[in-house]
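User: I'm new to this one and would like to know what the labels on it rest on. Can we go through them together?

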Amino acid sequence: MTGLKGIRSVGIIGGLVMIFLGVFMMAKPGATAVLFDWFIGVIFLVGGISQVFAAVAARKETGHFAGRLIAGIAIAALGVFVVVHESTSIFIMGIIIAIFAFALAFQEFSISLARRKEGLQWGSTFFFGIVNLIFGIFMIYNVFATMMAVIMINGIYLVAGGIMLLISGITVKGKK
C-alpha cells in the first residue's frame, strides 16, 4: 500500500470506522460511557502495575522506591475502582468536566475583561465564557444526561468526519 492507493485505502477504511463508531455512540451513549470508563480503568490498572514493577526493578538504583511503589499501587487501585464502580466513575468524570468548564468560563471572562479595558474586541471571548458557564451548570445539574449528550455530539462529529474522510478516500485519483 503505497502512494495514492494507500491514502485512498486509509480514507475509506478510516471513514467507515469513524462512521461505525459515531453511529454506535449515538445509538448507545450509555454503553459508550461504560466502555470509556472501562478503557480508562484498564489504563490506570496497567499503568499502576507497570509503576510497581518499575519501582521493584529499580529499588537499589534510586532512593524513591517507597514513593514509586505506593504511587503504583494507588494508581492500580484507582483503575480497579473505576472498572468496578462504573456509575460513580462516570459521575466523577462528569464533575471534573464541569469544573473544567467553570475554569474555562472564568478564564474567558478574565480575558474579555482585560481586552475590554484595553479597548480590544472582547464580545466573542465573553460569549464563549457564557457558553462554558452554562455547560458547567448543566453538567452539575444532571451529570449523566449531559455526559450522554456529550457522547452523542461526539458521535455526530465522528459520523460527519467519517463521511468526509470516506468521500475523500473514494475521490482520490492518481495521475493519468
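User: Leaving aside its neighbours within four places in sequence, which residues is Gly-15 in contact with?

Analyst: Gly-15 is in contact with Val-10, Gly-162, Leu-165 and Leu-166, where contact means heavy atoms within 4.5 Å. Before we go on: this is a predicted model, where local features need pLDDT of at least 70, side-chain atom pairs count only at pLDDT 80 or more, and totals for chains, interfaces and linings use all residues. Residues are numbered from 1 along each chain as its sequence is written, and side-chain values use heavy atoms, with hydrogens and water left out.

User: Where is Gly-15 found, and why is Gly-15 called buried or exposed?

Analyst: Gly-15 is found in helix α1, residues 3–27. Helices here are DSSP runs (H or I, at least four residues; strands are E, at least two), numbered from the N terminus. As for the label, buried means under 20% relative accessible area, exposed over 50%, and partly exposed in between, using a 1.4 Å probe and protein chains only. Gly-15 has a relative accessible area of 0%, so Gly-15 is buried.

User: What makes Trp-122 buried, exposed or partly exposed?

Analyst: Trp-122 has a relative accessible area of 31%, so the label is partly exposed. You'll find Trp-122 in the loop between α4 and α5 (123–141). Leaving aside neighbours within four places in sequence, Trp-122 is in contact with Ser-112, Arg-115 and Arg-116.

User: Which backbone oxygen does the side chain of Thr-32 reach?

Analyst: The one of Lys-28, at 2.9 Å. Thr-32 sits in helix α2, residues 29–57, and counts as buried because its relative accessibility is 11%. Beyond four places in sequence, Thr-32 touches Phe-24, Met-25 and Ile-151.

User: Why are α2 and α6 called roughly perpendicular?

Analyst: Their axes come within 9 Å and cross at roughly 95°. Axes are lines fitted to C-alpha atoms, for helices over the stretch in contact, and angles run from 0 to 180 degrees between N-to-C directions. Angles under 35 degrees count as roughly parallel, over 145 as roughly antiparallel, 65 to 115 as roughly perpendicular and the rest as oblique. So α2 and α6 are roughly perpendicular to each other. Pro-29, Gly-30, Thr-32 and Ala-33 in α2 meet Met-148, Ile-151 and Met-152 in α6. By class, these are five nonpolar, two polar and no charged residues. Ala, Val, Leu, Ile, Met, Phe, Trp, Tyr, Cys and Pro count as nonpolar, Asp, Glu, Lys and Arg as charged, and the others, Gly among them, as polar.

User: What makes α3 and α4 roughly perpendicular?

Analyst: Helix α3 (residues 65–84) and α4 pack at about 105°, with axes 5 Å apart, so they are roughly perpendicular to each other. Phe-81, Val-82, Val-83 and Val-84 in α3 meet Glu-86, Thr-88 and Ser-89 in α4. That contact has four nonpolar, two polar and one charged residues.

User: Which residues make up the largest nonpolar core?

Analyst: There are ten: Met-25, Ala-33, Val-34, Ile-90, Met-93, Ala-98, Met-139, Val-143, Met-147 and Ile-151. The elements giving two or more residues to this core are α2, α4 and α6 (143–171). A nonpolar core is a set of buried Ala, Val, Leu, Ile, Met, Phe, Trp, Tyr and Cys residues joined through side-chain atoms within 4.5 Å.

User: How do you know whether Met-147 is buried or exposed?

Analyst: Met-147 has a relative accessible area of 8%, so Met-147 is buried. Leaving aside neighbours within four places in sequence, Met-147 is in contact with Ile-90, Met-93, Gly-94, Ile-97 and Met-139.

Terms used
A polar contact is a pair of N or O atoms within 3.5 Å; within protein, one must be able to donate a hydrogen and the other to accept it, and residues adjacent in sequence count only if both atoms are side-chain atoms.
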